[in-house]
Amino acid sequence: NASLTTHTSFLFVSFLLIVQMLDRLVVQKPQLSILELSLLSLSVFSAFASPFLFTGKILEVLPPSSAAFSAAVGIGAEYVGKIAVADGKEVAASALVCAAEAEGFLANAERTKAIIPVCVGLGALAASFALLLPVLLTNMGITEIFLLCPLVGILTAAVANLALEETKSYCSRAMSVGNRRFAKSGLVGRSWLSATEMVTQKSMGGVRKWRTFALSVLPSPIIGILIPGTLSAKAIVITAVAAAQVAFYLAQAEATLARATDAVALKSRSAAVCDTYANQGARSSAILPFTSALSSLCAAATAAIVEFPFVESLSAAGTVQGFVSQALVVATFPALSALLAAAASVSKARCEVDAEAATQAASTLALEYDGSASDANDPVLRPVQGVLDLIQLTVKASLWEPLKRKVPRLLKYWYAKLWIRPRRKLRWARRSSQQQEEEQERRRQEEPLVGQEDAKNANAGAA
């Protein structure tokens with residue numbers, strides 16, 4: 001559980017970093033156009049040069065006008081950023097509504113499918129009673145009541161088929177929600193239908209429903225009629241075929257529902273990603289009103305500072321130092337207002353990028369999950385292929401990987417046991433026999449010497 005929590009936290013942090021990567025990419029590129037940069041630079045320069053070029057009323061008007069122009073650029077950036085954020089939030093709201101509608105259709109499909117397992121149980125029970133009742137009722141003298149079992153089986157097959165068709169209808173609606181709503185203008189024609197085509201499609205849907213109902217009722221009686229045997233044997237066959245039909249309908253319903261569940265999960269994920277980008281744009285736009293307020297404050301401060309008497313007194317002496325001091329004082333707030341306008345343009349660009357990302361995330365809701373075998377780009381779950389993949393992963397994780405680790409050890413063990421150890425024992429046995437032969441040979445060579453020494457000792461003792 002701890003490792004799973006750590007892994008989930010890592011994925012969440014990674015997703016946040018991916019979302020914030022767009023903002024970092026925006027910062028790496030200049031967001032002011034050449035015209036905007038030129039106008040802001042010209043406004044600051046005009047405010048700085050006004051003490052050198054003008055006096056009187058023009059000096060009182062030009063620096064505040066420059067600061068007001070920079071503030072207007074910042075306020076325009078706020079307007080564009082707020083519009084982009086509003087667009088992103090509206091798109092995200094539409095995406096969330098689409099995902100909620102898909103969840104509603106999926107819930108209806110789940111509710112409709114719930115009757116099919118009941119039909120499976122009733123069909124299996126009817127098949128069991130079809131086997132037991134003829135034996136039990138023959139001894140009681142009643143032989144016709146077991147015909148209820150085939151009727152129950154056929155009825156369960158018909159109900160299961162109707163539930164299957166209704167489930168497919170709800171699943172199809174859940175998977176197609178948002179296809180036209182979020183499709184590009186050039187792609188709407190693929191799913192567009194005229195009024196006559198919609199009427200024809202609705203009529204064909206009703207005909208198809210009754211055709212499938214008839215096909216669900218007729219196979220088991222026809223098979224029972226064609227198979228020779230007694231009436232009880234035919235009843236058993238009919239009930240068993242009907243039970244098999246119900247089980248097949250349940251498998252079909254589960255496969256359709258699994259695919260719809262995966263498609264709805266993808267829609268919900270796309271809506272969540274869209275909402276995440278929209279919220280990121282809202283975060284980026286939160287600073288825009290503050291920058292606009294600061295720009296307005298700089299404009300007001302510039303308008304106030306040019307009215308102070310000490311500003312005019314700086315250039316009264318007529319020296320270069322006085323003019324430069326007056327220019328620096330007058331141009332400080334216009335320059336700060338221009339910097340704030342440039343910062344607002346960066347935030348505006350972030351808002352536009354996040355809104356575009358939200359729009360692109362919402363456009364994935366328009367994918368058509370038709371389920372054709374030739375469509376290799378279909379991201380929705382394919383139940384049969386998914387089961388095969390799970391089997392492959394299970395075999396690989398439970399059998400292949402352990403065998404891959406243990407087989408070399410087993411081969412090494414049996415190689416040592418069947419080849420190396422017997423040869424080693426054989427070498428030990430040969431070495432032992434060779435040592436014994438050498439010992440016996442040495443003893444045979446020492447025996448005459450010992451006998452001669454004993455004879456010499458005996459002669460010496462006798463002498």
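Modeller: A residue is called buried under 20% relative accessible area, exposed over 50%, and partly exposed in between. Please keep in mind that this is a predicted model.

Biologist: Understood. How many helices and strands does the protein have?

Modeller: The secondary structure comprises twelve helices and zero strands.

Biologist: And what percentage of the residues is buried?

Modeller: Of the 463 residues in the protein, 30% are buried.

Biologist: Which contacts join residues at least 24 apart?

Modeller: I can give the share: 84% of the contacts between residues at least 6 apart in sequence join residues at least 24 apart.

Biologist: Turning to charges, how many salt bridges does the structure hold?

Modeller: There is one salt bridge in the structure. Its partners are Glu-254 and Lys-113, whose closest N and O atoms are 3.0 Å apart. Glu-254 belongs to helix α8 (residues 231-285) and Lys-113 to helix α3 (residues 57-113), so the pair ties together parts that are 141 residues apart in sequence.

Biologist: Are those two residues buried or exposed?

Modeller: They fall into two classes. Glu-254 has a relative accessible area of 35%, so it counts as partly exposed. Lys-113, at 12%, is buried.

Biologist: Let us return to Phe-182. What is it in contact with, leaving aside its neighbours within four places in sequence?

Modeller: The contacts of Phe-182 include Val-91, Ser-94, Ala-95 and Cys-98. Ala-362, Ser-363, Leu-365 and Ala-366 are also in contact with Phe-182.

Biologist: You listed α5 among the contributors. How many residues does it have, and what is its reach?

Modeller: Helix α5 (residues 148-176) has 29 residues and reaches 42 Å from its first C-alpha to its last, close to the 42 Å expected at 1.5 Å a residue. Just after α5, Gly-178 takes a positive phi of about 95 degrees.

Biologist: Now the surface. Which residues make the nonpolar patch?

Modeller: Ile-115, Val-118, Leu-122, Leu-125, Phe-129, Val-152, Leu-155 and Val-159 make a nonpolar surface patch of about 640 Å². Both α4 (115-140) and α5 supply at least two of its residues, and the largest share, five residues, comes from α4.

Biologist: Where is Ile-115, and how is it classed?

Modeller: Ile-115 is in helix α4. Its relative accessible area is 37%, so Ile-115 is partly exposed.

Biologist: One last topic: which residues are buried in α9?

Modeller: In α9 the buried residues are Leu-288, Thr-291, Ser-292, Ser-295, Cys-298, Ala-299, Ala-301, Thr-302 and Ile-305. An α-helix has 3.6 residues a turn, so residues three or four places apart point the same way. Helix α9 (residues 288-305) has 18 residues and reaches 25 Å from its first C-alpha to its last, close to the 26 Å expected at 1.5 Å a residue.

Biologist: Why does Thr-302 count as buried?

Modeller: Thr-302 counts as buried because its relative accessibility is 0%. Leaving aside its neighbours within four places in sequence, Thr-302 is in contact with Pro-63, Pro-64, Ala-67, Val-330, Phe-333 and Pro-334.

Technical notes. Residues numbered from 1 in each chain as written. Predicted model: local features only at pLDDT ≥ 70, side-chain atom pairs only at ≥ 80, totals over all residues. Heavy atoms only, no water. Helix = DSSP H or I, 4+ residues; strand = E, 2+ residues; numbered from the N terminus. Expected span 1.5 Å × (residues − 1). Salt bridge = Lys/Arg side-chain N within 4 Å of Asp/Glu carboxyl O. Buried < 20%, exposed > 50% of the residue type's maximum accessible area, 1.4 Å probe, protein only. Contact = heavy atoms within 4.5 Å. Patch = residues over 30% accessible without salt bridge, like charges linked within 9 Å, V, L, I, M, F, W, Y side chains within 5 Å. Areas by Shrake-Rupley, 256 points an atom, 1.4 Å probe, with all protein chains shown as cover.
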